[in-house]
Amino acid sequence: MIAFDDARRVVLTAAGIMAAQRIPVNISMGRVLAEDVFSPEHLPSFDNTAMDGFALATGGQAVAEGTELVVSAALAAGEAAPAGCEGACEIMTGAPMPDGLDAVIPVEQVKVLELDAEQRPQRIRLLHAVLPGANVRRRGQDISAGERIMPSGTRIGAPERMVLAALGIADVPVRKLPVAALLTTGRELVDDPGQALLPGQIRNSNGPFLAERLLECGAELRIRQSLPDEAGAFTDAVRRCLQAGVELIISTGAVSMGRYDFIPDALRELGAEILFHKVAMRPGKPLLFARLPNGSLYFGLPGNPVSSAVGMRFFVEPALRACLGLPQE
C-alpha cells in the first residue's frame with residue numbers, strides 16, 4: 001500500500017505533457033494554450049468615441065459650459081472620418097474620431113439650437129464643460145500590439161474567445177487532447193436505463209459519470225465499453241484500445257482482492273508495469289495505477305461509485321491537468 005501523497009507524485013511524474021498543435025479559433029473552446037499568445041495589433045485599432053454625441057476640439061483646455069458650436073459633419077460607426085471638421089461633428093458610438101477633434105460630449109449634455117431640413121443638428125450649445133479626451137477610446141487603450149494577452153496554460157473560454165476574435169487571431173497553439181478509453185467491468189451492470197433489472201443486477205452509473213468528467217477535463221473519449229468479469233474479454237479490450245491510439249485507459253471494478261478481481265494479473269500478462277496498487281485512503285483504497293508497454297497509462301478504479309468518483313477526482317483529473325499543461329489545483 002502507498003501513501004496518498006506518494007501516489008499522487010507517482011501519477012504526476014508519469015503523466016507527460018501533450019504535444020502542441022495549431023487549430024482554428026472557431027473550434028478552440030475548452031482547449032488549453034500550449035504557448036503564450038501575443039496581440040498582432042492594437043485594440044482599439046483607431047481612436048473612437050465611447051458615446052453618441054458631438055466630437056469637438058478642446059485645444060488642450062476645458063471647453064466651457066454654454067459654448068455654442070456649428071455642427072459641420074455627421075459620422076456613424078463604420079464610416080471613414082471626414083477631414084477638416086470645423087466646430088463640432090455629430091458622432092455615433094464606435095465611430096472614428098475626426099482629425100483635430102479630441103473630445104466627445106454626450107448627446108444628452110447638449111441643447112440643439114438649430115436643425116436642417118432633414119432634422120439634423122446644425123448648431124448646439126454645451127450644457128456641461130468638456131475636458132480634453134473626454135469619452136474617447138484611444139488606439140491601443142485596451143491592448144497594445146505585441147502585448148501578451150494570454151499565457152501558456154490558459155483554458156480558452158468565452159471571454160478568451162471574444163478577445164481572440166476582436167484581435168483577428170485565426171488560429172492558436174493548443175495542447176493535443178489526451179485520447180482516453182473507459183472500460184466498466186461487472187456482469188451485474190446494466191447500461192440501458194430503460195431495461196428492467198433482474199435479480200442481482202444494478203444500473204451502470206460509473207460509466208455516464210466518468211465519461212462526462214473525462215470530457216469536461218479535456219480528454220478525447222475514443223472508446224467506451226462495458227465488459228463482463230472475464231480476463232480474456234478485458235485483455236482483448238485493452239489491446240483494442242492500444243490499437244486505436246488510446247493514451248489513457250480508465251477502468252472500474254475488478255481491482256480488489258476477490259475471486260473476480262482479475263485486472264492486476266491481466267495487466268501483468270499484457271506486460272504492464274504496475275506502479276502502485278492500493279492507496280492509504282478511504283474511500284478508494286483498491287485503486288491501481290500502471291504503465292502499459294507502449295507508454296499508455298492505466299487507472300484501475302474501484303467499482304463502488306463513490307470510490308470510483310474519488311479516484312477520478314484525485315488521481316485521473318490531476319493526470320489530465322498535467323498532460324494539458326494546466327497548473328495543479
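This is a predicted model: local features need pLDDT of at least 70, side-chain atom pairs count only at pLDDT 80 or more; totals for chains, interfaces and linings use all residues.
Figure 1. At 57% relative accessibility, Gln119 counts as exposed. Gln119 lies in the loop between strand 8 (110–115) and strand 9 (121–126). Its phi is positive, about 65 degrees, although Gln119 is not a glycine. Most residues other than glycine have a negative phi, and most peptide bonds are trans.

**Figure 2. The loop between strand 18 and strand 19, with Lys278 and Pro283.** Lys278 is not a glycine, yet has a positive phi of about 90 degrees. With a relative accessibility of 22%, Lys278 counts as partly exposed. Pro283 is found in this loop too, between strand 18 and strand 19. The peptide bond leading from Arg282 to Pro283 is cis, with omega near -5 degrees.

**Figure 3. The cis peptide bond between Leu43 and Pro44.** Omega of this bond is about -5 degrees. Pro44 sits in the loop that runs between strand 2 (37–38) and strand 3 (48–49).

Figure 4. Ala7, Arg8, Val11 and Ala14 of helix 1 are buried. These residues are on the same side of helix 1 because they cover an arc of only 135 degrees around the axis. An α-helix has 3.6 residues a turn, so residues three or four places apart point the same way. Asp5, Arg9 and Thr13 are exposed on the other side of helix 1. The packing partners of the buried residues of helix 1 are strand 18 (273–277), strand 19 (288–291), strand 20 and helix 6.

**Figure 5. Arg8, a buried residue without a salt bridge.** The nearest side chain of opposite charge is that of Glu329, 6.5 Å away, whereas a salt bridge requires a side-chain nitrogen within 4 Å of a carboxyl oxygen. Leaving out residues up to four places away in sequence, Arg8 touches Phe314, Phe315, Pro318 and Gln328.

**Figure 6. The largest nonpolar core, with 31 residues.** Ile250, Phe276, Phe299, Phe315 and Val316 touch the most other members of this core. Two or more residues each come from helix 1, strand 13 (179–185), helix 3 (206–216), strand 17 (248–252), strand 20 (297–301) and helix 6 (305–324). Helix 6 gives the most, with eight residues. Another core, of 23 residues, lies apart from this one and has Ile223, Phe262, Leu288 and Tyr298 among its members. In soluble globular proteins, nonpolar side chains tend to be buried together.

**Figure 7. The surroundings of Phe315.** Neighbours within four places in sequence are left aside here. Contacts of Phe315 include Phe4, Ala7, Arg8 and Val11. Phe276, Val279, Met281, Leu287, Phe299 and Val310 are also in contact with Phe315.

**Figure 8. Aromatic pairs and a cluster of Phe rings.** The count of aromatic pairs is seven. Phe4 and Phe314 form an edge-to-face pair, 6.2 Å centre to centre and with 75 degrees between the planes. Because Phe4 lies in helix 1 and Phe314 in helix 6, the pair ties together parts that are 310 residues apart in sequence. Phe4 is partly exposed, with a relative accessible area of 25%, and Phe314 is partly exposed at 35% relative accessibility. The pair of Phe276 and Phe289 is tilted, since the ring centres are 5.6 Å apart and the planes are at 40 degrees. Phe276 lies in strand 18 and Phe289 in strand 19, so this pair ties together parts that are 13 residues apart in sequence. Phe276 is buried, with a relative accessible area of 5%, and Phe289 is buried at 0% relative accessibility. Ring pairs link Phe4, Phe276, Phe289, Phe299, Phe314 and Phe315 into a cluster.

Key
Residues are numbered from 1 along each chain as its sequence is written. Side-chain values use heavy atoms; hydrogens and water are left out. Buried means under 20% relative accessible area, exposed over 50%, partly exposed in between (1.4 Å probe, protein chains only). Lys and Arg count as positive and Asp and Glu as negative; His and the chain ends are not counted. Contact means heavy atoms within 4.5 Å. A nonpolar core is a set of buried Ala, Val, Leu, Ile, Met, Phe, Trp, Tyr and Cys residues joined through side-chain atoms within 4.5 Å. Helices (H or I, at least four residues) and strands (E, at least two) are DSSP runs, numbered from the N terminus. The arc is that of the directions from the helix axis to the C-beta atoms. Rings of Phe, Tyr and Trp (its six-membered ring) pair if their centres lie within 6.5 Å; planes under 30 degrees apart count as stacked, over 60 as edge-to-face and the rest as tilted.
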